[in-house]
Amino acid sequence: MTDLRTALTEIAERTPTYAVVDRALAQAGRRRTRRWWTGSVAAVVAVAGLGTGGLIAAAPADQAKPQPTVTPGPKTVAVPTHCESNELPVPPGYASSWVNGGDHTGRYVVGGATRGGHSVGLIWDAGVPSVADLPGDQDQLQDVNTAGLAVGRSTLNNHVVAWAVQDGVVSRLKGTDASAAGVDPRGRIVGWVDHKPAVWDSVTAQPRFLPVPSGVRGGSATSIDDDGTILGNLTVGSAATSTYVWRGTGVPTPLPAPDIGLGPQTSSFAGRLRGGWTVGSVTYGSQGRPAVWNVRTGEAHIIEVVGYPTAVNARGWILGQTATAYYLNVGQKRIELALPGPADDSSVAADLVSDDGTVVASEYREPAGQQLSHALLWRCS
Amino acid sequence: MSSRVDHDDLREFLSTRLHRLSAMAYMLTGDHHDAEDLLQNALVKVAAKWRRIARTENPDAFVWRILHNEHISGWRRRTRRPSIVSGETPPEYADDGDLAGRAVRRLMIEAALTRLTPRQRSVIILRFFQDLSEADAADVLGCSIGTVKSQTHHALRRLRELCPELEILLTEGARA
């Protein structure tokens, strides 16, 4: 055995075993069933109570009366009829770019780009990019608030490190092995420290751990709403990872799953929380179903939207992605977000749709075989 | 239900291989969270094709191919899924008297691997961790033996540039 082999074996010996089989199988089941809702109109098929855990109403899909899932927002805005896509500009020399999130007005968008194998964070302000080159490598800016405070992580000296960026100033968040995923308008940041969900009350604050149920093996806080509600993912015991909601100071409650005759819920997974809404999926055994939750009103719906749901705004307008296109679903209306070429249905992106529906941001990833992706912004009217 | 049977079969297959696949994913990405994401994405594809993979003569090669292709051809570092590692503690080293030296060497190799291109990383892992022949590595990567040779050459040269202290070790590696 050569020394190179020995060194590689030693690296392998020190690598933990990643417990991803359950999640992968659940996701594979969900992908198999994705065709089930692609191309259908929006319809509620079942509703469950949130927080109470009790079932409010449930009906088999074929008996469901189609109805909009949208609760009108405080101010009425026009539903867009058309969206125009533009590639978000990147500084010279960057080959591949992407979007991770943005603020709810659509002014700021965060993501990143690569050059020569090195990735940097990018913040677009009204479409104009600025580079946030975090110390270390594998930079990922994940969220930004309306004040332009962006948060994310990088890998530095074999540790994941959490960062905040404001007006070009990069600040390291406290905590070793930490990652920041979300930030609210007041500058409170959520993420994880040492694989446990955590909150930083400000850029300079010490992280504090969120309460978790007993038996938790690990988790992360992924998103924080304007009212302080936090969403995160926890792995409890041997169960598959599920999404939980922290409201107030107590232990979190899991996102509920409506009973739609597929047996008990195995897991749930939701993305960002905005105005009480979040979208994702519920897995029953090996079968997944798309879902939307409103954690303020306690609703949970299994939905049919056009495309796999990837993001939602404060009005409950849902972004969906099919194998060929993105769609903005507003009730039973859908607005196509044209892509520059064929899409890869494995790239479910963390998109942004602004609260007024005029800005959508995501990226287009070239089909398998290419390594390029392109940060895109649609203006809708 | 047939998919449940398939999944049980796949679970059994993975039970003895998950650690090695985790290690390969980690060497490919250089980051535990990215590695977890990569492995999960690859296993989703494995699950979708498992019925076919299980019938092949060498299912392992098929799974490696999916993992390496996922890394080379499209997978990008994202952190949408929670990053949680299993409760297992990595085994400790046996103390052979050169603990510090080995730790330094391991960290240097880890850092150097992250500086290679994805395909170069793949050939190094397949040739020197999985001990595959050039032909078998070419089969996994879906490229020619000539490409494996040239990528190995470039990767080893790059590793030498990145850490000249590893000259002896890499000379040995190059001869293998």
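Which residues in H1(A) meet which residues in H6(B)?

## The model

This is a predicted model, in which local features need pLDDT of at least 70, side-chain atom pairs count only at pLDDT 80 or more, and totals for chains, interfaces and linings use all residues. Residues are numbered from 1 along each chain as its sequence is written, chains are lettered from A and ligands numbered from 1 in the order in which they are written, and side-chain values use heavy atoms, with hydrogens and water left out.

## Where the two helices meet

From H1(A) come Leu4(A), Arg5(A), Leu8(A), Thr9(A) and Ala12(A); they meet Ile124(B), Arg127(B), Phe128(B) and Phe129(B) of H6(B). Contact means heavy atoms within 4.5 Å. These residues divide into 6 nonpolar, 1 polar and 2 charged. Here Ala, Val, Leu, Ile, Met, Phe, Trp, Tyr, Cys and Pro count as nonpolar, Asp, Glu, Lys and Arg as charged, and the others, Gly among them, as polar.

Helices (H or I, at least four residues) and strands (E, at least two) are DSSP runs, numbered from the N terminus.

## The disulfide

The structure holds 1 disulfide over all chains (cysteine sulfur atoms within 2.5 Å). Cys83(A) and Cys380(A) form it, with sulfur atoms 2.1 Å apart. Cys83(A) sits in strand E3 and Cys380(A) in strand E30, 297 residues apart. The S-S torsion is about 110°, so the disulfide is right-handed.

Cys83(A) is buried at 8% relative accessibility, and Cys380(A) is buried at 6%. Buried means under 20% relative accessible area, exposed over 50%, partly exposed in between (1.4 Å probe, protein chains only). Cys143(B), at 21%, is partly exposed.

## Aromatic pairs

There are 2 aromatic pairs over all chains. Rings of Phe, Tyr and Trp (its six-membered ring) pair if their centres lie within 6.5 Å; planes under 30 degrees apart count as stacked, over 60 as edge-to-face and the rest as tilted. Tyr326(A) and Trp378(A) have ring centres 5.7 Å apart and planes at 55°, so the pair is tilted. Tyr326(A) lies in strand E26 and Trp378(A) in strand E30, 52 residues apart. Both are buried.

Phe13(B) and Trp50(B) form a tilted pair, 4.8 Å centre to centre, with 50° between the planes. Phe13(B) is in helix H1 of chain B and Trp50(B) in helix H3 of chain B, so the pair ties together parts 37 residues apart in sequence. Phe13(B) is buried at 11% relative accessibility, and Trp50(B) at 3%.
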